[in-house]
Amino acid sequence: MASSRTTVRVVVAGDRGTGKSSLIAAAASESFPEYVQPVLPPTRLPPDFYPDGIPVVIIDTSSSLESRGKLAEELKRADAVVLTYACDQPPTLDHLSTFWLHELRRLEVKVPVIVVGCKLDLRNERHSLSLEQVMAPIMRQFREIETCIECSSANLVQVPEVFYYAQKAVLHPTAPLFDQEMQALKPRCVRALKRIFILCDHDMDGALNDAELNDFQVKCFNAPLQPAEIVGVKRVVQEQLSEGVNALGLTLTGFLFLHALFIEKGRLETTWTVLRKFGYDDDIKLRGDQLAVPSRKAPDQSVELTSEAVEFLEGVFSLFDTDKDGALRHSELEDLFSTAPESPWDEAPYKDAAERTLLGAISLSSFLSQWAFMTLRDPAQSLANLIYIGYSSDPASAFRVTNRRLADRKKQQTDRNVFQCFVFGPKNAGKSALLKSFLGRPFLDNSTSITKEHYAVNDVDQLVGTKKTLILREIPEDGVKKFLSNKESLAACDVAVFVYDSSDEYSLKRASELLTEVARQGEESGFGVPSLLIAAKNDLNPYPMAVKDSAKICQGIGIGAPIHLSVKERDLNSVFIRIVNAASHPHLSVPETEIGRTKKHYRQLVNRSLVLVSVGTAVAVVGLAAYRAYAARRNTSN
């Protein structure tokens, strides 16, 4: 089973006179041509030329200085590169490692390389070394070399094999599966094979019995295993690795050993066939056609987990909470994601986004919040990881798409369970401290300003007894202009807060400017959002006009009074509940600028005028009709 490619493009490069064009012509015609032009046009080997059924397009190149630009262009478009040297000209072999391989790296050509020694029939055997002796040191230095082979176009020796290996290196690459230096399967390959093993272990006893092995064989290769073949497979494993087989059947260790053995024997297509049968792509991630994510029809819609998906995640959490302490330690979380390509929460923006215990463990509440965050931000990644860890129901049952926020605003209510809050404010206003407090982390006096966006996610218990997931997204002051340059930048926002240092007059002024900028963006884009002003650092002495100035700003733009709080003194003034309440009422606390008010008033006047015109027109039409009726009666009476 090949990859999704429809063709393989192989570029042949090397020193002049090393036999590039003769090699291509001999492969295509299966004969040695008496005359070959210096650079051949693109040559196509048909689908039935090799077992995988994928055509190969071979691109010949010139090594002349005047052709270097075209050569570089072709190399960058290659799926694989064949580098040639002449077996009777040792300097051309040296030039591979001193020029050609370095040139590929300089051009950032990151494809498999096949090194080919041409003109084997002309080599002086008295002074020859074996191919392994010659190439071993070069292959250690240049890991991109997939295979080395020698051939003779004149004698048609190993000519078709050259492009077979090139095609195979593209369709069944070694690099994603196997670490040549460590002589071991790569972690992502191990994780994928572990997931496949678990899926095939129907009785969940940790081993594949004969029936399960046969089912696996039929699924992947459309052919059953004979009883003697099953015995033979297990014997091979057991002879090399005693723990690879137990009384119940082939263990995970044995299953992985078998695939490493296939790869070492050059049978990469076996492992690739297995991976592709279970939905993996060339990067050993689930293919896009395996991820049926519900689409959002409008940018102000969002995607949330369904109750079915949440119930599944609760079960998974309980299963991997081996010590039953209500939290997953790092090792338990790693085990949970051991069948995913990697743990999705080890990198930004998920790393450090959820609340952790003092020992770094994650509670069920934080675990579900993190999943809600990933689902909202990247539904495809969330769905892929749900499947990786064992979600087997219809993918469509895992997610729901919310109503448009604009529709919620008109209805004056929302049924969303996850709210995203954008946190704006000048530098040193206390934005990062607010996010850290949301995760229960201690206040630090010497914390530095954040220059990149970062997130904090947690559950918020509302006063009415319901629970919502709140995602705080900090927008650094320096990034606001670029952020707002996107007309849909506020579409994903349920509520915005503007933080300022209550002891600093400039901080309030800058927060007010940011509030106005965001409000204008909302008015122009139609994605206006409820907004709150937060007076942070309430433990410091406010400047003399602070209260009056902040009240005037709020009154002028039509939002509620500032929320005063002190993260340092842990006096948060129920700020997170108030943020969720604002998001839950999308029609309230939406700021309105002077320009916005003027435009709104103008629209109202225009609409009122149109109504008056419509009424006037209707009266005129009725009057005309009445006159005509009167005139008709009068004519009849006469």
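Is Arg570 buried or exposed? Select Arg570 and you'll find that, at 72% relative accessibility, it counts as exposed (buried is under 20% relative accessible area, exposed over 50%, partly exposed in between, with a 1.4 Å probe and protein chains only). A quick word on what you're looking at: this is a predicted model, where local features need pLDDT of at least 70, side-chain atom pairs count only at pLDDT 80 or more, and totals for chains, interfaces and linings use all residues. Residues are numbered from 1 along each chain as its sequence is written, and side-chain values use heavy atoms, with hydrogens and water left out.

Most residues other than glycine have a negative phi, and most peptide bonds are trans. Now jump to Gln158, in the loop between S6 and helix H5 (159-171), for another non-glycine with a positive phi, about 55°. Gln158 is partly exposed, at 35% relative accessible area. For a cis peptide bond, select Ala348 and Pro349, with omega about 5°; Pro349 is in the loop between H12 and S14.

**Rings**

Next, show the aromatic side chains. Rings of Phe, Tyr and Trp (its six-membered ring) pair if their centres lie within 6.5 Å; planes under 30 degrees apart count as stacked, over 60 as edge-to-face and the rest as tilted. By this rule there are 20 aromatic pairs. One of them joins Phe99 and Trp100, edge-to-face at 5.0 Å centre to centre and 75° between the planes. Then pick Trp345 and Trp371, whose centres are 5.8 Å apart with planes at 70°, so this pair is edge-to-face. It links distant parts of the chain, 26 residues apart: Trp345 in the loop between helix H12 (330-336) and strand S14 (362-363), Trp371 in helix H13 (residues 364-377). Both Trp345 and Trp371 are buried.

**Helix against helix**

Color helix H18 (residues 505-525) and helix H19 (residues 546-557): they pack at about 5°, axes 11 Å apart (axes are lines fitted to C-alpha atoms, for helices over the stretch in contact, and angles run from 0 to 180 degrees between N-to-C directions). H18 and H19 are therefore roughly parallel (angles under 35 degrees; over 145 is roughly antiparallel, 65 to 115 roughly perpendicular and the rest oblique). Among the residues that meet are Leu508 and Leu515 in H18, and Ile553 and Ile557 in H19.

**Two buried spots**

Zoom to Val423 in strand S16 (residues 418-424), buried with a relative accessible area of 0%. Leaving aside neighbours within four places in sequence, Val423 is in contact (heavy atoms within 4.5 Å) with residues including Leu435, Arg473 and Val497.

Finally, which residues does Phe142 touch, not counting those up to four places away in sequence? They are Ser97, Leu101, His102 and Arg105. Phe142 lies in the loop between helix H4 (131-141) and strand S6 (145-150), and is buried at 0% relative accessible area.

Technical notes: Helix = DSSP H or I, 4+ residues; strand = E, 2+ residues; numbered from the N terminus.
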